[in-house]
Amino acid sequence: MMIVAGQSQSAYFLEETSTVSESHTLSVLVDNEPGVLARVIGLFSGRGYNIESLTVSEVEHENHLSRITIVTGGTPQVITQIMNQLARLVPVHRVVNLTKKGDAIERELALVKVAGKGEHRVEALRLAQAFSARTVDATLESFVFELSGSPTDIDRFVNLMTECGLVEVARTGLAALSRGREAM
Amino acid sequence: MTRQMTGAEMVIQALIDQGVDTIFGYPGGAVLPIYDELHQQDKINHVLVRHEQGAGHAAEGYARSTGRVGVALVTSGPGATNMVTPLTDALMDSIPMVCITGQVPTHLIGNDAFQECDTVGITRPCTKHNWLVKRIEDLPRILHEAFRIATTGRPGPVVVDIPKNIQFQTGTYTNYKGQPQTQYNPRVKGDEAAIREAVALLAAAKKPVLYTGGGVINSGPAASTLLRELVKLTNMPITSTLMGLGAYPASGPNWIGMLGMHGTYEANMTMHDCDVMVCVGARFDDRITGRIDAFAPNAKKIHIDIDPSSINKNVRVDIPIVGDVGYVLEDMIKVWKQTHPQQDKAAMAAWWQQIAVWKAKKCLSYRKNNDVIMPQYAIERLYQLTKGHDTYITTEVGQHQMWAAQYFGFEEPNRWMTSGGLGTMGYGLPAALGVQIAHPDSLVIDIAGDASIQMCIQEMSTAIQYDAPIKIFILNNQYMGMVRQWQQLLHGNRLSHSYTEAMPDFVKLAEAYGGVGIRAEKPDELDGAIEEMIRIRKPVLFDCRVANLANCFPMIPSGKAHNEMLLGDASDDEIDSAIGSTGKVLV
Ligand SMILES: Cc1ncc(C[n+]2csc(CCOP(=O)(O)OP(=O)(O)O)c2C)c(N)n1
């Protein structure tokens, strides 16, 4: 389902009434102008929606367009309401529900620092290899690994690392695109 | 056409190019360059208010009564923060307003400079859109886009925050009027298939109802004309929200009164029992629906709204139509005429008969009193005695507002200005001022409460300065009546701080401002006093002493359904037990 700013979806609503909360990934194309992120975040906090993850970056420099990827949760009605509220913001060009489109590609990058000696250190390195994480920094007592993958891959990796002397983690949040040749 | 000019000149030029002839404002350090330009021209009339909140509400009244955009000009810091209430009010009620604020110079932004505040940050949630102009090159584009965004789609307030150094800088001005500067482009035409389906549903209805709102007014006078035509074609009963009064005439044969918390018995029962509901430019607000899971339980619902986010927000509808009310009504009428459907005449007759039974309850009747002026009676007399006049009504917020909605009949759109969504006490007087400035020869009356009127009373002084002969008709019951009523309903009649122990002498107050004060204390002196008020060509404070403890009925208690109304003859016991524990937490 896609909502173009100011235009509505067709006259018929697709989703059934449901009280089950689902997690959805929304892609929002916006003018890259001051305050646009504050508008989006303010909308979520002001209307009591929750943000599980949010990433933003300019994607079309020439056209001053940024892409915001938001993972949010709610019943299908709430998700539709969130999309409509987003589309109402003046700098918003388009809102696409990637979860609804199905099978979107979702990737995240994480930097994971572990510290330790002996067996812990060997185990950390072995696991990093198993996950195809790159070692981007190493000292005699620590590693920093770089891993990109789906959020669940990263969760798993981070969980395992807690056993191997995890010190800290930085995650980028989600980047997501639909499959196939169509753009949003 | 482009020209070199300063930022301050651009502001004035853009206003002129947008066809603005009146603005409401208050000066200060950060807008002095703009005020200096105002001083050197004569195309724009500036109305100097006494408080920035007054400027905002006056702009709202001006906008609502003319269908044009209201413009306010205020300084940075406190000037801007004083605008927060009117901006929120305009956002909730979809009133087109452009507010220009001054800001400290760009190099001081972020330094906690004198009279600096984060105006765009503070007003972001209470505007449709806002801008901080950091480069003179952007100013013409932003100024014109501000007008386009305020007035198109679902109208609303916008803020343009202009640092003082930008006002002094010189740049190239281009008149972008009518040329979109962003991709914002709201949809106005409704989906054709949905419209056809809606007409078919409507035609087959046995118990239809039209529920209309402020969107009809916002769509322009043509929408009200079309609405009347649709009612005539379909013979449907029609009710309206507080915001939509006047779109269909109160004297019209199909009118069943306002609906909602203080709506008529017949309107709410019709809503509850209908089988097809057409919501036109309204938004299923909680004042309207009552208990949501018992709202029109057997109805198929059609919802026409220009804002897609209003659809399925509170109530799930069967046929949503996103579009401008005027366009959609026009198409519906066209389809109806093309298909000339056969309505179930017998069912419609039975429906009207049922409505007549509900009407016979006479839910707006009240106990007459020969010694004390009943507030309902005061509004009835005011209505009767102003009928021949070209009248505009504004209100404050409270019982008097609801009595005005119930007992004053509106025949035309744009004649009724009230703070619906936000419920802002203090709205009515400045709004009346804005209306009167736009309609200098009309009779403009603010129906007020004794508490509300003290919230923006300072604008009496503005009314005097501009010879705006507004009439402030105060239903003086000594209480914050609506608060007292709720305390009676919810809190065992413990009247915590809802009685005003020190009340000004409103007659003397009027005189102190240079206006005229009138007091009426007995029913038999009321007519004469109202007639005198109408005759006076000066601002009037009318102190109408009314019964102190009258309650506003009918009422759907919070958390109750449309068919569980409290009527005027409710006993004290019924009133005391009307609201259950779940209703108590609701407002
Ligand atoms: C700015 C503001 N503050 C508080 C309220 C809450 N409130 C709603 S009605 C009301 C009392 C209004 O009293 P009055 O103006 O005397 O009108 P009445 O109900 O007596 O007709 C109050 C305090 C409000 N609506 N607006």
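Colleague: Which residue forms a salt bridge with Lys117(A)?
Modeller: In this predicted model, the closest N and O atoms of the pair are 3.4 Å apart. A salt bridge here requires such atoms within 4 Å. The partner of Lys117(A) is Glu141(A).

Colleague: Why does this pair tie together parts that are apart in sequence, and how many residues apart are they?
Modeller: Lys117(A) lies in the loop between strand S6 (105-115) and helix H4 (119-130) of chain A. Glu141(A) sits in another loop of chain A, between strand S7 (134-138) and strand S8 (142-149), so the pair joins parts separated in sequence by 24 residues.

Colleague: Which side chains meet in a salt bridge across the interface of chain A and chain B?
Modeller: Over all chains the structure holds 28 salt bridges. Across the interface of chain A and chain B the rule finds 1. With an N to O distance of 2.6 Å, its side chains are those of Arg88(A) and Asp307(B).

Colleague: Which element gives the most residues to the side of chain A that touches chain B?
Modeller: Elements giving two or more residues to that side are helix H1 (36-46), helix H2 (76-88) and strand S5 (92-97) of chain A. The top contribution is 4 residues, and it comes from H2(A).

Colleague: How much area do chain A and chain B bury between them?
Modeller: In this interface 22 residues of chain A are in contact with 25 residues of chain B. Carbon and sulfur atoms account for 50% of the buried area. The area buried between the two chains is about 2100 Å².

Colleague: What is the strand order of the open sheet in chain B?
Modeller: The sheet has 6 strands with parallel pairing. Its edge strands, each pairing on one side only, are strand S11 (255-258) and strand S14 (319-322) of chain B. The order is S11-S10-S9-S12-S13-S14.

Colleague: Which residue is the bridge partner of Tyr211(B) in S10(B)?
Modeller: Strand S9 (residues 208-212) and strand S10 (residues 238-240) of chain B run parallel and are joined by 3 bridges. In S10(B), Tyr211(B) has as its bridge partner Thr239(B).

Colleague: At what angle does helix H14 of chain B run to S13(B)?
Modeller: Helix H12 (residues 265-273) of chain B packs on the sheet, touching S9, S10, S11 and strand S12 (276-280) of chain B. Helix H14 (residues 325-339) of chain B lies across S12, strand S13 (300-305) and S14 of chain B. The angle of H14 to S13(B) is about 130°.

Notes
Residues numbered from 1 in each chain as written. Chains lettered and ligands numbered in written order. Predicted model: local features only at pLDDT ≥ 70, side-chain atom pairs only at ≥ 80, totals over all residues. Heavy atoms only, no water. Contact = heavy atoms within 4.5 Å. Buried area = accessible area lost by both parts, 1.4 Å probe. Pairing = 2+ DSSP bridges. Axes fitted to C-alpha atoms, helices over the stretch in contact; angles between N-to-C directions.
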